Amino acid sequence: MPILLALAAAAAAPAPSPERLKADVAAMVGFGTRHTASTTTDPKRGIGAARDWAAGRFAEIARGCGGCITVERIERRFTGPRAPTGVVVQDVLGIQRGRDPDRVVIVGAHIDSRVTDVMDTTSDAPGANDDASGVALVLEAARILSKQKFDATIVYAVFSGEEQGLWGATLLADTAKARGWQVSAMLNNDIVGNTIGQGNVRESRWVRVFSEGIRSSEDEAQQMVRRGNGGEDDGPSRALAKAIDGVAARGRFGLDVFLDRRPDRFGRGGDHEPFLKLGYPAVRFSVANENWDAQHQDLRTEKGVVYGDTIDRMDFPYLAKVTAINIATLARLAGAPAAPANVTISGALSRDTQVSWPAVPGATGYRVHWRRNDRTDWTESRDVADTKALLAQVPVDDHVVGVSALAADGSESLVTFGGR
């Protein structure tokens with residue numbers, strides 16, 4: 001099974017280190033504040049020092065793999081209600097080029113932090129879990145995956161400007177489009193390092209993965225076609241979330257995936273959203289239980305309640321498990337071909353379903369998936385060498401169909417849903 005091959009490759013790699021993750025979070029907390037509009041000239045405090053540190057970490061990893069990772073900084077000036085006079089937002093990227101430099105898998109997190117007043121650029125804002133946890137995960141993924149070679153390019157992204165309006169993610173999404181990248185997946189990790197949530201409720205059994213169903217990039221006509229095909233639960237981002245769920249279920253990570261069927265937490269957002277708007281498959285990882293006393297708070301104690309996003313509230317063995325699921329997912333998707341661009345089905349007034357799709361560069365075969373319409377996960381599959389298949393006694397009225405592309409080693413792409 002291709003997923004098992006990807007998991008075996010991930011298992012052969014070093015396991016994520018809780019100690020190294022903690023050391024990286026401690027280093028970021030040590031910059032005092034990482035507010036996007038904080039100082040960029042102080043070598044020890046503020047967003048500038050933090051971004052320099054992240055670039056240095058990528059450079060260190062690159063030296064360890066013979067230059068397999070290129071460090072790049074991209075920036076743009078943004079203006080908005082949370083930065084009325086404007087601020088330069090800079091992203092720090094580690095780019096691990098694959099055999100196909102234009103097909104890209106992205107894993108990202110934001111390095112900026114804040115306190116209660118989003119305009120306060122000077123007070124201590126440790127931002128341990130939100131989101132030094134995600135940045136530490138990105139760096140650990142780069143350390144481990146840099147030892148391998150993949151077909152796709154992996155972009156390890158450290159964003160700024162999340163708290164001001166998802167500006168760093170917007171910058172990278174626009175850059176991906178401008179450079180003509182074919183983005184197979186974007187994994188956003190934001191608040192991924194605690195197991196004790198609000199009210200001291202502990203939950204360490206799973207991590208939430210949020211994904212959209214109907215695509216935000218589709219116009220009304222496209223949404224009506226998807227509705228007619230019954231594909232509300234099978235858009236690219238939902239397919240990505242299901243793939244992650246499968247990776248976690250088949251792996252030995254000691255952590256399950258809670259597949260959350262909405263783009264993000266209720267009424268809230270994250271750095272995957274600018275990618276969704278451009279049509280790229282993107283999801284958000286976040287802990288099972290959030291602790292709102294530790295998010296966007298001034299450091300203080302009131303009526304016996306301790307507020308602030310400090311490192312002592314984190315669970316680093318849990319963060320290591322979330323990191324491992326990210327790494328296994330990245331390895332699977334970067335080792336596989338791209339998903340088929342589209343899949344066409346037919347079979348009205350018939351007991352059989354015809355399926356066809358365009359050839360995928362680099363694919364050595366394909367996997368046709370199907371299930372009854374009353375199921376949410378694929379239950380049947382068949383491997384084929386051609387770009388078409390006949391599913392006998394699989395009535396199109398009562399089944400949905402999808403197709404994935406396979407590499408020579410069995411690595412499998414995301415599943416593309418079939419429609420008219």
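Glutamate 140 is buried, its relative accessible area being 0%, where buried means under 20% relative accessible area, exposed means over 50% and partly exposed lies in between, with a 1.4 Å probe and protein chains only. The side chain of glutamate 140 meets that of arginine 143 in a salt bridge with an N to O distance of 3.1 Å, a salt bridge being a side-chain nitrogen of Lys or Arg within 4 Å of a carboxyl oxygen of Asp or Glu. This is a predicted model, in which local features need pLDDT of at least 70 and side-chain atom pairs count only at pLDDT 80 or more, while totals for chains, interfaces and linings use all residues. Residues are numbered from 1 along each chain as its sequence is written, and side-chain values use heavy atoms, with hydrogens and water left out.

**Overall form**

- The secondary structure of the protein comes to 10 helices and 17 strands, which are DSSP runs numbered from the N terminus (helices: H or I, at least four residues; strands: E, at least two).
- The radius of gyration of the protein is 21 Å, close to the 22 Å that the globule rule gives for 420 residues, so the protein is as compact as a globular protein of that length; the radius is taken over C-alpha atoms, and the rule is 2.2 Å times the number of residues to the power 0.38.
- Of the 420 residues of the protein, 58% count as buried.

**The pair in helix 4**

- Arginine 143 and glutamate 140 lie 3 residues apart in helix 4 (residues 128-145), which means that about one helical turn separates them.
- Arginine 143 counts as buried at 16% relative accessibility.

- The structure holds 30 salt bridges, and one of them joins the side chains of arginine 57 and aspartate 24 at 3.5 Å, N to O.
- That pair links distant parts of the chain, with arginine 57 in helix 3 (residues 47-64) and aspartate 24 in helix 2 (residues 18-29), 33 residues apart.
- Arginine 57 counts as partly exposed at 23% relative accessibility, whereas aspartate 24 counts as buried at 3%.
- Glutamate 412 and arginine 332 also meet through their side chains in a salt bridge, at 3.8 Å, N to O.
- This second pair links distant parts of the chain 80 residues apart, since glutamate 412 sits in the loop between strand 16 (399-406) and strand 17 (416-419) and arginine 332 in helix 10 (residues 316-335).
- Glutamate 412 counts as buried at 4% relative accessibility, and arginine 332 is buried with a relative accessible area of 4%.
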